[in-house]
Amino acid sequence: MTERLSSTLAGIARTLRAMLGAPDYEGYLAHELASHPDRQPMTRDQFMCDRLENRYNKPGSRCC
C-alpha cells in the first residue's frame, strides 16, 4: 500500500509540475539513462539552469 501511495503521489507531483511549466528532472534523467547510457547526465542544478536558459533566452521564446 505504501509503495502504491508513493507512486500515486509522485505522479500527482509530476502532473502539477507539468501544469506549472516546471522542468521534470526525474523524467530527463530516466530518458538520458535509457537512451544515452554513454553520456554523463547533467546534475539537477545544471538541468535547471539549462531549462531556464532555454525558456527565457532562446530567440522567439518570449513575446517581448
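This is a predicted model: local features need pLDDT of at least 70, side-chain atom pairs count only at pLDDT 80 or more; totals for chains, interfaces and linings use all residues.
Start with the surface of the whole chain. Of the 64 residues in the chain, 9% are buried.

Switch to cartoon view. The chain has three helices and zero strands. Along the sequence the pattern reads α-α-α. The radius of gyration is 15 Å, well over the 11 Å that the globule rule gives for 64 residues, so the chain is more spread out than a compact globule. Along the principal axes, the C-alpha atoms fill a box of roughly 50 × 30 × 20 Å.

**Stop 1: the aromatic rings**

The whole structure holds three aromatic pairs. Select Tyr25 and Tyr28. Their pair is tilted, with 5.9 Å centre to centre and 40° between the planes. Both residues belong to helix 2 (residues 25–35); they sit three residues apart, so about one helical turn separates them. Tyr25 and Tyr28 are buried.

How is the pair of Tyr28 and Phe47 arranged? The ring centres are 4.9 Å apart and the planes meet at 25°, so this pair is stacked. Planes under 30 degrees apart count as stacked. The pair links distant parts of the chain, from Tyr28 in helix 2 to Phe47 in helix 3 (residues 44–57), 19 residues apart. Phe47 is buried, as is Tyr28. Show Tyr25, Tyr28 and Phe47 together: they form one aromatic cluster.

**Stop 2: the charged side chains**

Colour by charge. The chain carries 9 positive and 8 negative charges, and their mean positions are 7 Å apart. Side chains of opposite charge can pair when their charged atoms come close. Here the count is four salt bridges.

Select Asp50 and Arg51. Their salt bridge has its closest N and O atoms 3.0 Å apart. Asp50 is partly exposed at 27% relative accessibility. Arg51 is partly exposed too, at 30%.

Move to Arg17 and Glu26. Their side chains meet in a salt bridge at 4.0 Å, N to O. Arg17 has a relative accessible area of 28% and is partly exposed. Glu26, at 39%, also counts as partly exposed. Salt bridges that share partners join Arg17, Glu26 and Arg44 into one network.

Finish with Glu32 and Arg39, whose side chains form a salt bridge at 3.7 Å, N to O. Is Glu32 buried or exposed? Glu32 counts as buried, with 10% relative accessibility. Arg39 is partly exposed, with a relative accessible area of 44%.

Note on methods: Residues are numbered from 1 along each chain as its sequence is written. Side-chain values use heavy atoms; hydrogens and water are left out. Rings of Phe, Tyr and Trp (its six-membered ring) pair if their centres lie within 6.5 Å; planes under 30 degrees apart count as stacked, over 60 as edge-to-face and the rest as tilted. Helices (H or I, at least four residues) and strands (E, at least two) are DSSP runs, numbered from the N terminus. Buried means under 20% relative accessible area, exposed over 50%, partly exposed in between (1.4 Å probe, protein chains only). The radius of gyration is taken over C-alpha atoms; the globule rule is 2.2 Å times the number of residues to the power 0.38. Lys and Arg count as positive and Asp and Glu as negative; His and the chain ends are not counted. The place of a charge is taken as NZ of Lys, CZ of Arg, CG of Asp or CD of Glu.
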